[in-house]
Amino acid sequence: EERNALLASGMYSEGDPIFDHVHFERPDGKRFRVAGEDLLRRDIKSIKEKEIAPRTKVDPSKIKVFIGCIPLEENKTLFDYNIEYGEYLRLQFVAL
């Protein structure tokens with residue numbers, strides 16, 4: 001019954017990521033959104049290089065991405081972390 005309601009609303013997917021954008025929060029508190037249907041399938045390294053670095057003007061090697069206080073590993077995808085719709089991923093810029 002719940003599945004049928006979700007199907008009718010368009011919010012149910014058989015194991016496929018359904019987000020069309022992801023929210024990020026910079027260290028200064030400013031927020032931005034990155035659109036793209038394949039975001040949850042891409043690895044963190046790719047997202048840092050192609051989406052975050054151009055928007056923040058920070059070298060990808062100096063960007064750390066977190067869900068809450070959990071650092072995200074570069075070889076994993078956002079789908080691996082089961083992020084929730086509307087959740088903000090926190091960015092930290094580190095000096096190397």
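Which residue in S5 does Glu-25 stand opposite? Glu-25 stands opposite Arg-90.

Some ground rules. This is a predicted model, where local features need pLDDT of at least 70, side-chain atom pairs count only at pLDDT 80 or more, and totals for chains, interfaces and linings use all residues. Residues are numbered from 1 along each chain as its sequence is written, and side-chain values use heavy atoms, without hydrogens and water.

Now the parts list. The protein chain has 2 helices and 5 strands. These are DSSP runs numbered from the N terminus: helices are H or I, at least four residues, and strands are E, at least two. The order from the N terminus is α-β-β-α-β-β-β.

On to the sheet. The 5 strands form an open, mixed sheet, ordered S2-S1-S5-S3-S4. S2 (31-35) and S4 (70-71) sit at the edges with a single partner strand each, so one side of each has no neighbour in the sheet. Pairing here requires at least two bridges found by DSSP.

Look at S5. Strand S1 (residues 21-25) pairs with S5 (residues 88-93) in the parallel sense, over 3 bridges. Strand S3 (residues 63-67) runs antiparallel to S5, with 4 bridges. Arg-90 in S5 is the bridge partner of Phe-66. Phe-93 in S5 is the bridge partner of Ile-63.

Next, the helix. H2 (residues 44-56) lies across S1, S2, S3 and S5, at about 110° to S3. Contact means heavy atoms within 4.5 Å. Axes are lines fitted to C-alpha atoms, for helices over the stretch in contact, with angles from 0 to 180 degrees between N-to-C directions.

Last, burial. Of the 96 residues in the protein chain, 32% are buried, meaning under 20% relative accessible area with a 1.4 Å probe, protein chains only.

Methods: Buried means under 20% relative accessible area, exposed over 50%, partly exposed in between (1.4 Å probe, protein chains only).
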